[in-house]
Amino acid sequence: MSIVIIDYGLGNLRSVAAAVEKLGIKPVVSSELEHIEAASKLILPGVGAFENGIKNLRDLGLIEPLTKMVIKGGKPILGICLGFQLMARESFEFGHYKGLGWLDASVRILETNDIKLHVPHVGWDDLIQIKESLLFDGIPSDALFYYVHSFYVDCMEDSIVVGQCEYGVCFPAVIHKNNIHATQFHPEKSQFYGLALLKNFIEKA
């Protein structure tokens with residue numbers, strides 16, 4: 001099995017690669033199309049601004065090939081944080097930008113009226129499992145995961161949201177749509193249960 005972590009210049013690549021390696025798999029970190037096409041499964045990580053992320057994917061010539069592989073070819077992919085957000089139709093992060101369009105969703109600012117809740121949302125928080133998912137195998141309902149974000153994905157397709165988190169607003173924490181999986185939290189920073197989720201994606205997606 002070949003796992004490729006897509007390097008588009010904005011990923012937390014080392015920590016994601018290290019997490020996958022803990023599962024006994026040596027991932028390939030690459031932006032080369034030949035590596036991505038040859039992969040059994042893809043991981044699209046990300047830390048940073050939506051505008052820069054989509055621009056970098058475009059400049060690397062990856063948007064159309066990735067869309068063909070994922071949407072038409074059914075190649076399994078896991079989006080993490082910004083990688084999840086880039087899958088949306090559009091983003092309103094400091095402007096209005098077109099995303100990959102794989103999900104009927106918009107990226108919006110995380111707002112809260114509770115003065116105790118600071119933005120960005122940083123730290124350990126709940127994952128409310130609202131539907132069954134292969135990603136949740138062996139993960140209890142009270143497991144905590146590590147979040148770092150100021151924006152969230154507002155999904156129009158309720159059916160694809162399998163996990164939520166509440167922080168001022170209730171937002172999708174995990175989605176599953178056919179071969180597309182994504183998390184708003186960082187499984188590579190979420191210790192035991194984060195590794196369990198990555199293992200589930202690699203072995204069962």
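Mentor: Start with β5 and β7: the two run parallel and are joined by 3 bridges. Keep in mind that this is a predicted model.

Trainee: Which residue stands opposite A88 there?

Mentor: L103 in β7 stands opposite A88.

Trainee: What is the strand order in that open sheet?

Mentor: The order is β6-β5-β7-β11, an open sheet of 4 strands with mixed pairing. β6 and β11 (151-155) are at the edges; each has a single partner strand, so one side of each lacks a neighbour in the sheet.

Trainee: How do β5 and β6 pair, parallel or antiparallel?

Mentor: Antiparallel, over 2 bridges. E90 stands opposite K98 in β6, and E90 itself lies in strand β5.

Trainee: Is E90 buried or exposed?

Mentor: E90 has a relative accessible area of 14%, so it counts as buried; the cut-off for buried is under 20%.

Trainee: What does E90 touch?

Mentor: Leaving out residues up to four places away in sequence, E90 touches H96, Y97, K98, G99, A105, S106 and V107. K98 in that list is the residue standing opposite E90 in β6.

Trainee: And how many bridges join β7 to β11?

Mentor: 5 bridges, with the two strands running antiparallel. One of the pairs there is R108 with Y152, the latter in β11.

Trainee: Changing topic. What goes on between β12 and β13?

Mentor: Strand β12 (residues 161-167) and strand β13 (residues 169-177) run antiparallel and are joined by 6 bridges. C165 has F171 in β13 as its bridge partner. The two strands form a hairpin with 1 residue between them, and G168 in the turn has a positive phi of about 80 degrees.

Trainee: What does β13 do with β14?

Mentor: β13 pairs with strand β14 (residues 180-183) in the antiparallel sense, over 4 bridges. H176 has H181 in β14 as its bridge partner. These two strands also form a hairpin, with 2 residues between them. N178 in that turn has a positive phi of about 55 degrees.

Trainee: OK, what is phi at C81?

Mentor: Near 55 degrees, which is positive, and C81 is not a glycine. C81 is in the loop between β4 (77-80) and α5 (82-85). With a relative accessible area of 5%, C81 is buried.

Trainee: And F94, buried or exposed?

Mentor: Exposed: F94 has a relative accessible area of 67%, and the cut-off for exposed is over 50%. Phi of F94 is also positive, near 55 degrees. F94 sits in the loop between β5 (88-91) and β6 (97-98).

Trainee: What about the peptide bond from V119 to P120, cis or trans?

Mentor: Cis, with omega near 10 degrees. P120 is in the loop between β7 and β8.

Trainee: Where is D114 found?

Mentor: D114 is in the loop between β7 (103-109) and β8 (121-126). Its relative accessibility is 35%, so D114 counts as partly exposed.

Trainee: How far apart are D114 and G168?

Mentor: In sequence, 54 residues; in space, 6.8 Å from C-alpha to C-alpha. G168 is the turn residue of the hairpin formed by β12 and β13.

Trainee: Now the whole chain. How many helices and strands?

Mentor: The chain has 6 helices and 14 strands. Its C-alpha atoms fill a box of roughly 50 × 40 × 30 Å along the principal axes.

Trainee: What share of the residues is buried?

Mentor: Of the 205 residues, 50% count as buried. The accessible surface is about 9400 Å², and carbon and sulfur atoms account for 50% of that.

Trainee: What about contacts along the sequence?

Mentor: Among contacts between residues at least 6 apart in sequence, 70% join residues at least 24 apart.

Trainee: Last one: how far apart are the mean positions of the positive and negative charges?

Mentor: 5 Å, for 18 positive and 24 negative charges.

Note on methods:
Residues numbered from 1 in each chain as written. Predicted model: local features only at pLDDT ≥ 70, side-chain atom pairs only at ≥ 80, totals over all residues. Heavy atoms only, no water. Buried < 20%, exposed > 50% of the residue type's maximum accessible area, 1.4 Å probe, protein only. Contact = heavy atoms within 4.5 Å. Areas by Shrake-Rupley, 256 points an atom, 1.4 Å probe, with all protein chains shown as cover. Lys, Arg positive; Asp, Glu negative; His and termini not counted. Charge placed at Lys NZ, Arg CZ, Asp CG, Glu CD. Pairing = 2+ DSSP bridges.
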